[in-house]
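Please read them with the structure open.

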Amino acid sequence: MDAVVANIAPQILFAPLLGCLLIAFVGPRLPRSVSAVIGCTSVFAAFALTVGLAAHVWHLPVAAQRIDLQFGTWALVGQAHIGFGIWIDPLALTWMLVITGVGFLIHLYSVGYMGHDANYRTFFAHMNLFVFSMLLLVMSDGFLWLLVGWGGVGLASYLLIGFYYDRQSAVLAARKALIMNVIGDVGIMIAIFLMFAHVGDQSFAVVFARTGAFGTSALDWIGIWLLVGAVAKSAQLPLHTWLPDAMEGPTPVSALIHAATMVTAGVYLVARCHPIYDRAPAAAEAVAIVGAASALFAATIGCVQYDIKRVLAYSTMSQIGYMFLAVGIGAYTAGAFHFLTHAFFKALLFMAAGIVIHNLGGEQDIRKMGGLSKRMPFAFWTFLAGTLAIAGVPPFSGFFSKDSILDQAAALGHPWLFAVGVAAAALTAFYMFRLFFSTFAGEYRGSVEPHVERVPAMEIPVAILAVLATIGGFLVLPGHDTFSALLAGAFPDAILPLSLADFDWPLVLGTLMIVAAAIVTAYAMYVISPQLRADVSRRLGGLRLLLLDAYHVDAIYHLMFEVPAYALAQACGVFFERAVIAGVPQALAAATSALGGLSRGWETGYLRRYGLTIAIGASLLLYFVIFGLHDVGAR
Amino acid sequence: MTQIAAPQIDFGVIAPLVALVATGLLILLVDLVSRRATRRMLYSIGIAGCIVSFVRVVMQFGHPATTFGGAFATDRFSWAFDAIILVALAASLLLSLVRDAEDGASPAAYSSLLVFCAVGGMIMAAATNLIVIFLGIEQLSLALYILAGTGLGRPASQEAALKYVLLGSLASGFLIYGSALLYGASGSVALTDIAHAAASPSMLFITGFTLFIVGVGFKLALAPFHVWTPDVYEGSPIAITAFMAVAVKAATFSVLARFVYVVFGHDVPALAPLWAIAILSMIVGNVGAIAQTNLKRLLAYSSIAQAGYVVLALAGVTGSGLSTMVFYLAAYAFMNLGAFAVIALVGDGSESVADIDSYRGMFWRRPWVAACMTVFMFSLAGIPATAGFIGKVLLLGQAIAAGPWGIAMAVVLVLGTLVSFYVYFKVVWAMFSPLEDGASAPAGNALVPWIAVAAGVAGVILMGVLPQLFYSFFAT
C-alpha cells in the first residue's frame with residue numbers, strides 16, 4: 001500500500017464531510033460568515049490535497065498509477081465480501097481535481113451570490129455534502145460504494161434544486177429530478193446484482209479482472225443497466241427531462257452540480273467501466289448512439305428557448321452527449337478531456353449568467369435583456385470567452401476537446417456519429433451566439449434599470465474560469481499530448497492519442513467552416529436584422545413550437561406514465577380501498593361482534609383466562625406432536 | 001465409609017458471576033451499615049459491579065472452559081449472552097437512577113434484586129444440564145416477580161407482579177415436568193447425554209421436549225404463552241420492563257439455542273412445535289400491536305413478534321444460526337433499551353408519558369428526542385442503515401435455506417414486518433405531526449437516561465452501518 005496515497009486520499013474524501021457536519025451542528029451557534037468560511041476552506045483543503053496527491057501519482061511509473069487501497073471489510077456474509085476501499089488512478093484524479101477545484105471556485109462564488117439568502121448555512125452544508133458524495137462516487141473501489149456516492153449526489157441535488165422550498169415549481173422540479181435519478185439508481189443496482197450473480201463480487205479489481213467469466217451477453221446486459229444509471233444521472237435521452245427543470249435551483253448549484261460535476265458522473269461511470277464496455281460492443285454502441293442523439297436533440301431545443309439558464313441546461317445535455325459519444329466509441333481520453341474543458345467553460349457560462357441574473361434582480365428571460373455589454377463589461381467578456389469555447393472556436397479549449405471527439409469518431413469508422421456531431425456543433429455555435437447576442441448586443445429591452453453590483457467574491461472565480469476556459473485546451477497541442485499521457489495509467493490497453501498532429505485537418509477545417517457559418521447566421525439574425533429573425537420564426541412555424549416545448553416529451557411522459565399511474569391509483573382507491581382496506585375491517589368488525597361474548601370476553605385481563613390460554617396452547621401442541629409427529633418422530 | 005466427592009470448582013470460570021453476586025451482597029451490606037447510603041450510591045455500586053463482571057467476561061475471551069463437572073460452560077456463546085445481559089443490567093440500573101423509579105420500594109432491595117436477576121440470566125447462558133438451567137431460570141424469575149411489583153404506588157404494578165408470579169409458576173411447572181420426562185427418556189440431566197436419546201426419540205422424549213418448549217416459550221413470550229406479556233410489561237416499572245424485554249429474553253434464548261444445538265445438532269421433526277409457535281408469535285405480536293395506544297404495551301406486543309423472529313435463527317440448526325441469533329439479540333437489545341430509555345427520559349424515570357398521544361408533535365419541541373426515537377422505531381421496523389435491518393436480512397437468509405418450515409417462517413416474517421411498519425410508523429408519524437395548540441412536550445430531560453439513549457442510537461447505527469464489526473466477533 002502506497003503510504004502517501006493511503007494517508008492523503010481519505011483526508012480528501014472526508015474534508016468536505018467534516019465541513020458539512022461542522023456547519024450543520026456547530027454553524028447555527030456561530031456568525032453566518034463562519035459557515036461560508038468552513039464550507040470554502042474544507043473544499044479548498046480537499047483541492048490542495050488532491051493536487052499534492054496528483055503530483056505524487058503522476059510521478060509514479062505509468063504501470064503503478066492505479067492504486068487500490070483496502071481499509072478493511074465492511075460486510076462478509078456468506079460468499080459476498082464487500083470492503084472499504086479507495087481506488088486512485090488518473091481517471092479518478094481528473095474528476096477529483098475538477099470536483100474540488102471547480103467546486104472550490106463555485107463555493108467562493110456562492111459567498112457573494114447567496115450573500116442575502118436567509119438559509120445561507122443550509123446552502124453551504126448541502127454543497128459540502130454534495131462534494132463529499134461526489135468524491136465518494138469517483139474514489140470508490142467498487143460498485144457498491146460508488147452507488148452510495150451516486151445516491152448521495154442525487155440527494156444533494158434534490159436538496160439544492162428544492163433550495164427555494166417556498167416555491168412550488170422548485171419543489172416539483174426537485175421531486176422530478178429525484179425520481180428520474182432513482183430510476184438510474186435501480187439500473188445500477190441491477191447491474192451490481194448481475195455482477196454478483198456471475199462473479200460474486202462488486203469490486204472493480206475483481207469484476208474487471210474477470211470480465212472473461214461473464215460472457216458477451218451478460219456483459220452487454222451489465223453495460224446496458226449501467227447505461228440506464230448513467231443516462232439518468234447525466235440527463236441523456238430518454239431520462240433528460242429533469243435537467244431543464246433543475247434550473248429552479250440557485251445558479252451556483254446549476255454551475256456545480258448540473259453542469260460541471262454531477263451530470264458528468266455518467267461519463268465517469270462508462271469510462272471507469274471500460275473493461276466491460278470494451279468487451280460489450282452492443283452496450284458500447286448504445287452509449288455512443290444515446291450520446292449522439294442527445295447531443296443533437298438538446299442542441300435543436302437550445303435554439304428556441306428564452307430562459308438563459310434553460311438554454312445553458314440544454315447545452316449541458318448536448319455537450320454531455322458528446323462525451324457519451326466519445327466513451328461509447330472507445331475514445332475514453334477524448335471524453336475525459338471534453339469533461340475537463342466543459343467543466344471550465346460551462347461553470348464559467350453559468351456563473352457569468354449568474355452575475356447577469358443577480359444584477360437584473362432575478363430576470364432570466366433573454367427577451368428582457370440586451371445591450372448589457374456596456375452595463376456589465378465583466379460579464380460580457382467572460383461570457384464571450386465561454387461562448388467561444390463551447391462553440392469550438394480555436395484557440396479556446398472547447399475546440400480542442402470537441403474536435404478530438406469528432407476526429408476520433410471519423411477515424412474509428414463512425415461516419416454517422418461524426419455527421420451528427422458536426423450538425424450538433426453547428427447548432428451549438430448558433431444557439432450559443434444567439435444567447436450571447438440576445439443578452440449583450442443591441443438595446444436593453446428590460447423595464448427595470450439593472451442595478452450593477454460588483455462583488456469580488458463572484459468575479460474572481462469567474463475570471464479564473466475564463467482563463468482556464470481559454471487556455472485549457474493547450475493540454476493537447478501538436479506534438480505535446482499532455483492529457484493523454486496523464487491518463488495513460490487509467491487506460492493501459494485502451495489509450496487513443498489526441499494529438500493534433502493526428503487530426504484529419506480537412507475534416508477539422510470543414511467543421512470550423514460550418515461553425516463559422518452558424519455564428520455568422522446568429523449574428524445576422526440577432527444583431528443585424530430582426531426582420532430576418534421574424535421571417536425565420538414564421539417559416540419554422542409548428543417546428544418552432546415543437547422545439548419550444550422540447551418535443552413535448554414532458555407531455556408524452558405525462559400521458560404514458562402519470563395518467564395511467566393516477567388512473568391505477570384511482571381504481572385502487574375505488575375498488576381496493578373500498579373493498580379491501582375498508583371492507584376487510586368492516587367484515588372483521590362484523591365477525592367480532594358476531595362472535596360477541598367469546599371474542600370480547602376472552603381478553604378479560606382475568607388471570608384464570610390467561611392460565612386457560614396457556615393450558616389450551618400446551619394441550620394443542622402436545623396433541624399436535626403426539627398424533628401429528630408420532631410416525632416421523634419415532635423413525 | 002462413604003466419601004462425598006466435592007466437585008472441582010474453577011473460580012476463574014465463574015468469576016463474572018462471583019463479581020455480580022458480591023456486588024448484590026455489597027449493596028445490601030452498605031445499606032445495612034450506612035445510614036447515609038444514598039440511592040445514587042447504591043446504584044453506582046451496582047453499575048460498578050456490572051463493569052467488573054463485564055471485564056471478567058472479556059478476560060475469558062478465547063479461553064472456553066467448563067466447571068462443576070461440566071454442568072457450567074463458558075464459551076463464545078455464553079460470553080455473547082453475558083455481554084447482552086450485562087449491558088441490559090447497566091441500562092436498567094441507569095434508568096432506575098432517575099427519580100422515583102422504584103416508587104418507594106427500598107433502593108437497596110431493588111438494585112440488589114436486579115443484580116441477582118442478572119446472575120440468574122448468566123447462569124442460564126452457561127448452563128449445560130437441565131438442573132442448572134432450571135436453577136438459572138428460577139433465580140432470574142423469582143427476583144423478577146418481586147421487581148415487577150416494586151411500583152408500590154401503582155396498583156397496575158401489583159397486578160403485574162401477581163399475574164407474573166402465578167402464571168410464571170404454571171410455566172415453571174411445565175418446564176420441570178418436561179425436564180423430568182426428558183430425564184426419564186434419557187437417564188441423565190446433562191444435555192450431551194440427552195443428545196443420545198434424541199437420536200431415536202421415544203414418545204416420552206418428544207412429550208418432554210414439547211413441555212420444555214412450553215415453559216421456555218412462556219419466558220420468551222412466544223404465542224400462545226404470551227398472554228401475560230402486555231399486562232406485565234405495562235404494569236412493571238419502566239426500568240424493569242426494559243430489563244425483562246432484553247435480558248430475560250436473551251438469557252432464555254441462550255438456553256433454547258444451547259438445548260437445540262447440543263441435543264439435536266441438526267434439523268429434526270421434533271422441532272416443529274417450536275416453528276409453529278414462532279409463526280404464531282409473529283402474527284399475534286404484529287397484529288396485536290396495531291390497536292395499542294400505550295407505548296409500553298406496544299413494545300410488549302413488539303417483543304412477542306421479535307421473539308418469533310429470533311426463533312428463525314435456529315431454523316435449520318446450522319452453524320451460522322448462532323451468530324445470527326447473537327447479532328439479532330444484540331440489535332434487539334440496543335433498539336429496545338433505547339426505546340425504553342426514551343420513555344424513561346421524557347417521563348423522568350416513570351411511565352407517566354407512555355401514551356402515543358403524548359408524543360404528538362414531539363419533533364417540533366424536542367427534535368433530538370424525536371430523532372432518537374425515530375431511529376429506534378426504524379430499527380424495530382427493519383429500515384436499512386439500522387441494526388434491525390441487517391438482523392432481519394441475516395434471519396431471512398438463515399430461514400430460507402432451511403426447508404419448508406424455514407420458508408414458511410420467512411414468509412410470515414416478511415408479512416409481519418409489513419404489518420409492523422404501520423405499528424412503528426404510527427409512533428414516528430405522531431412525533432412529526434403538527435403540534436396542537438396549547439399542548440406542551442413532556443419535560444423530562446435528565447442526563448442519565450440520555451446516556452442510555454445515546455448508547456442505544458450509537459449501537460443501532462453502528463450495527464446497521466458496520467455490521468461486520470459485530471458479526472465477525474461471533475462468527476470467526
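**Notes on the two-chain model**

1. A:L18 sits in helix α1 of chain A; helices (H or I, at least four residues) and strands (E, at least two) are DSSP runs, numbered from the N terminus. A:L18 is exposed, with a relative accessible area of 53%. Here buried means under 20% relative accessible area, exposed means over 50%, and partly exposed lies in between (1.4 Å probe, protein chains only). A:L18 belongs to a nonpolar surface patch with A:L21, A:L22, A:F25, A:V26, A:L30 and B:W368. Patch members have over 30% relative accessible area and no salt bridge; like charges are joined within 9 Å, and nonpolar side chains (Val, Leu, Ile, Met, Phe, Trp, Tyr) within 5 Å.

2. Please keep the basis in mind: this is a predicted model, where local features need pLDDT of at least 70 and side-chain atom pairs count only at pLDDT 80 or more, while totals for chains, interfaces and linings use all residues. Residues are numbered from 1 along each chain as its sequence is written, chains are lettered from A and ligands numbered from 1 in the order in which they are written, and side-chain values use heavy atoms, with hydrogens and water left out.

3. Now chain A as a whole. Chain A has 29 helices and 4 strands. Its C-alpha atoms fill a box of roughly 95 × 60 × 55 Å along the principal axes. Of the 635 residues in chain A, 55% are buried. The accessible surface of chain A is about 25,000 Å², with 69% of it on carbon and sulfur atoms. Accessible areas come from the Shrake-Rupley method with a 1.4 Å probe; for residues, only the protein chains shown count as cover. Take the contacts (heavy atoms within 4.5 Å) in chain A between residues at least 6 apart in sequence: 79% of them join residues at least 24 apart.

4. How much area do chain A and chain B bury between them? The figure is about 2,500 Å², 81% of it on carbon and sulfur atoms. Buried area is the accessible area (1.4 Å probe) that two parts lose on being put together, summed over both. The contact takes 26 residues from chain A and 31 residues from chain B. On the side of chain A that touches chain B, β1 (67-77), α28 (607-628) and α29 (630-634) of chain A each give two or more residues. The largest share of that side, 12 residues, comes from α28(A).

5. Look next at helix α10 (residues 251-260) of chain A, which holds A:H258. Is A:H258 buried or exposed? A:H258 counts as buried, because its relative accessibility is 0%. In α10(A), 10 of 10 residues are buried. These buried residues pack against helices including α3 (90-113), α5 (143-161) and α14 (308-328) of chain A. Beyond residues up to four places away in sequence, A:H258 touches several residues, among them A:S157, A:W242, A:T316 and A:F350.

6. A:S318 lies in helix α14 of chain A. A:S318 is buried, at 0% relative accessible area. Leaving aside neighbours within four places in sequence, its contacts include A:S294, A:T428 and A:Y431.

7. Last, the charged pairs. The count is 14 salt bridges over all chains, each a side-chain nitrogen of Lys or Arg within 4 Å of a carboxyl oxygen of Asp or Glu. A:R538 and A:D535 form one (2.7 Å, N to O). Both lie in helix α23 (residues 530-540) of chain A, 3 residues apart, about one turn of the helix. A:R538 is exposed at 59%, and A:D535 is partly exposed at 28%. In chain B, B:E159 and B:K163 meet in a salt bridge (2.8 Å, N to O). B:E159 is partly exposed at 43%, whereas B:K163 is buried at 5%. B:E159 and B:K163 are linked with B:D231, B:E234 and B:R297 in a network of salt bridges.
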